[in-house]
Amino acid sequence: MKLKFLAASAMALALVAGCTKVDGPPRQLSEETTALFSAIPAGSGYFATDSTLPFQAPDFSKITEADYLPAFRQGMDIHNAEIDAIKNNPAQANFDNTIVALEISGAMLNRVANVFFALTGSNTTDRLDAIEEEISPELTAHSDAITLDPVLFARVKAVYDARDSLDLNVEDTTLLERTYADMVHAGAQLTEDQKEQVKTINTALSEKTTAFGKMVRDATVAGALVVDSRAELAGLSNTDIEAAAKAAAERGMAGKFVIPLQNTTQQPLLPNLENRAVREKLFTNSVNRADQGGENDTRLILAEIASLRAQKAALFGNPDWATYTMYDRMAKEPKTALDFMEQMVGPLAETQRREAGVLNAQIKKTGGDFDVKPWDWYRYAEQVRKERYDLDEEEVKQYFELTSVLENGIFYAATQLYGITFEQRSDLPVYHPDVTTYTVFEADGSEMGVFYFDPFQRPSKRGGAWMSNFVPQTYLKDTKPVIYNVLNIPKAAEGEPQLVSFDNVNTLFHEFGHALHGFFADQNYASVSGTATARDFVEYPSQVNEMWATYPSVLQNYAKHHETGETIPDALIQKIEDAAKFNQGYDFGEVVEAALLDMKWHALSPEEAAAINTAEAVDAFERKSLEELGLEIGLVPPRYRSTYFNHIFSSPAGYSSGYYSYLWTEMLDRDSRKWFIDNGGLTRENGDHYRATVLSRGGTMDYFEMFDNFAGRAPDVTPMLEARGLTGDEER
Ligand SMILES: [Zn+2]
């Protein structure tokens, strides 16, 4: 759910450049820049011009599926003509005629992409899916050609080299640096010989990562647990046992039972299996799926991938792959991310041992005579959880009616913090009848933007929840944010109250946190506006907004029983919060371990990576990376072992050296919650301060500086550890 929001906007983001916070008055387009594109013929069709609806909101009453393909192609042609105009400009390159011109280029392409990719996510059709498949490679090639254009890069570099003598504000400077850095990152500065070497490495990476993915797939299929008798599956539901019988029949083993493996180390059916030997077998199959020799053993190939990446980074002058990929992140370098994670190891290991103690006691209490192992962990943790925090989801739901959550909870908290208000409107065409729209007003009553709310599950919508913009905020083009939140809440039957689970309440607050980040954007340039921020930063404001879901005065206002009107009892909220701290030595520990593995593999120099060239060396490196730190990997193995870590090894870049991002933004989030609480909680003063220092800054400045402006200090990991129950010695 957390990263989903990026996927929807990734394509749109990839098509534009980048920028920061306004120091002076909003920038106007210069006559020179406007004139640059004036000879280029406009396109035709709906997307050729800005929408004439309020806020340039898309006019879904006019857009048809036949509009997209021609608009994409025309949009690319026009964009190319604009790029040519920038390149062929006889005037010397300057900030305006090169960087700003690049920034405003591709307007038609962005318009169609912003609508099209919104719909392929939230309300797709076979036709839209087919268009996406057809157009995606063309868009990638289009964007690559621009980023790697040597003539264009020469102009960008000329401006970049002169940057100290230019009178640029912070946002301008960031836009310039980002435009330059993105092109350098793509390879604009390499010699022809180096470009050839990168190409060779890219081809090898593409082949090997694809092969890794396939081997993991095959290993996962082959690792399925096979048992001969129904008795061995005691504890599973009849449905699960029938599914296991069917899976066996499909594999030509009629009469037996097969439990297929899931991607993660832990397997969902483990807690229910009563037979300990069967549990051990299923777990062992999972954790050793791809390290048993033979054709599905991924150890050598993953070492080769790590080695190729280190070599590629070296061609770009970087010491390791993580440094190369983290150029645009908040943490910037692997050491920062590693130090951050290593700070957690002590408390985490201690919690893992403490939890193991609790589970060992539970095992004894229920007649067992063994110490807990990973294959026993969730079986006994679930027993303890039931005893301590038995939560009745249905009971909780009765207090969360969707409209009340949105209007009396989410909107209410935003009004208290920022003074902004909301008014539902009925004049804007929507892409599905379940979508509602609201105007958002500033505290002074002026219009701030439009919010589209699309809450319900339907077959045409992909899973998860996300936020993005139909129209980004930018002073340069004088646009205000048009933002949507998409969720997958099960729709109540006709005539039934629309209740939502507590998980979904959190998700609603989370996605609206992204929306606030977008609404408070205060930028000249779309590429650094609002949520156009680093991967290890973008989830921070959205997570912070989740804190108001359980804030007492907000709960008082929205969490009311749909029949009795009674506010949710404190004891129930307390139970929810206590339950969230349970079993974190495992739940959180396995994630931290996976993130550590990711970063350790990608912080290797080419020489170090090349030295890991046997299956045994891979095993040793993995063990050393975790065990030397003191983590109890015999009790709590990583969520993914290196050998089946698809996120980092199954595509040329994927989420490599990025898995820590979830943890990093959580640190920023929990530390910020502490700041709010220490300073009086839900107040206008606090909200305005957060808005001024963080929510309005987009990606315009150094993120550590931004955090320091907000909190008056560097981010601290302690509040996150506390929130996860990883401090103190209370028995959980
Ligand atoms: Zn998110």
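Y68, A71, F72, Q74, G75, M76, I78 and H79 in helix α3 meet M108, L109, V112, A113, V115, F116, F117 and L119 in helix α5, where contact means heavy atoms within 4.5 Å. This is a predicted model, in which local features need pLDDT of at least 70 and side-chain atom pairs count only at pLDDT 80 or more, while totals for chains, interfaces and linings use all residues. Residues are numbered from 1 along each chain as its sequence is written, and side-chain values use heavy atoms, with hydrogens and water left out. Helices (H or I, at least four residues) and strands (E, at least two) are DSSP runs, numbered from the N terminus.

**Two helices that meet: α3 and α5**

- Helix α3 covers residues 68–87 and helix α5 covers residues 107–122; they pack at an angle of about 145°, with their axes 8 Å apart. Axes are lines fitted to C-alpha atoms, for helices over the stretch in contact, and angles run from 0 to 180 degrees between N-to-C directions.
- The crossing of α3 past α5 is left-handed, a term used if the near helix is turned anticlockwise from the far one by less than a right angle (right-handed if clockwise).

**An enclosed helix: α4**

- Helix α4 (residues 95–104) is largely enclosed by the rest of the structure, because ten of its ten residues are buried. Buried means under 20% relative accessible area, exposed over 50%, and partly exposed in between (1.4 Å probe, protein chains only).
- The buried residues of α4 include F95, D96 and N97, and also E103 and I104.
- Their cover includes α2 (31–36), α3, α5, α7 (150–161) and α8 (170–186).

**The zinc site**

- Which residues hold the zinc ion? H510 (NE2), H514 (NE2) and E539 (OE) coordinate the ion at 2.1 Å. Donors are N, O and S atoms within 2.8 Å of the metal (3.2 Å for Na, K and Ca), and sites may look incomplete because water is not among the atoms.
- Along the sequence, these donor residues follow the spacing H-x3-H-x24-E.
- H514 in helix α18 (residues 502–519) and E539 in helix α19 (residues 539–545) are 25 residues apart, so to speak a link between distant parts of the chain.
- H514 counts as buried because its relative accessibility is 1%, and E539 counts as buried at 3%.

**The five-stranded sheet**

- An open sheet has five strands in the order β3-β4-β5-β7-β6, with mixed pairing. Two strands pair if DSSP finds at least two bridges between them.
- Strands β3 (421–425) and β6 (466–471) stand at the edges with a single partner strand each, so one side of each has no neighbour in the sheet.
- On average, neighbouring strands of this sheet are turned by 30° against each other, direction ignored.
- β3 and strand β4 (residues 436–441) run antiparallel and are joined by five bridges; E423 stands opposite T439 in β4.
- Six bridges pair β4 with β5 in the antiparallel sense, and T437 stands opposite Y452 in β5.
- β4 and β5 also form a hairpin with five residues between them, and G445 in the turn has a positive phi of about 95°.
- β5 and β7 pair in the parallel sense over six bridges, with Y484 in β7 as the bridge partner of Y452.
- Is β5 enclosed or exposed? Nine of the ten residues of β5 are buried, so the strand is largely enclosed by the rest of the structure.

**Helices lying across the sheet**

- Helix α5 lies across β5 (447–456), β6 and β7 (482–489), and runs at about 150° to β6.
- Helix α18 lies across β3, β4, β5, β6 and β7, running at about 170° to β7.

- V592 is found in helix α22 (residues 584–602) and counts as buried at 0% relative accessibility. Leaving aside neighbours within four places in sequence, V592 is in contact with M341, M344, L348 and L663.
- T264 sits in the loop between β2 (257–259) and α11 (276–287), and is buried with a relative accessible area of 16%.
- S206 is found in helix α9 (residues 192–222), and counts as partly exposed at 32% relative accessibility.
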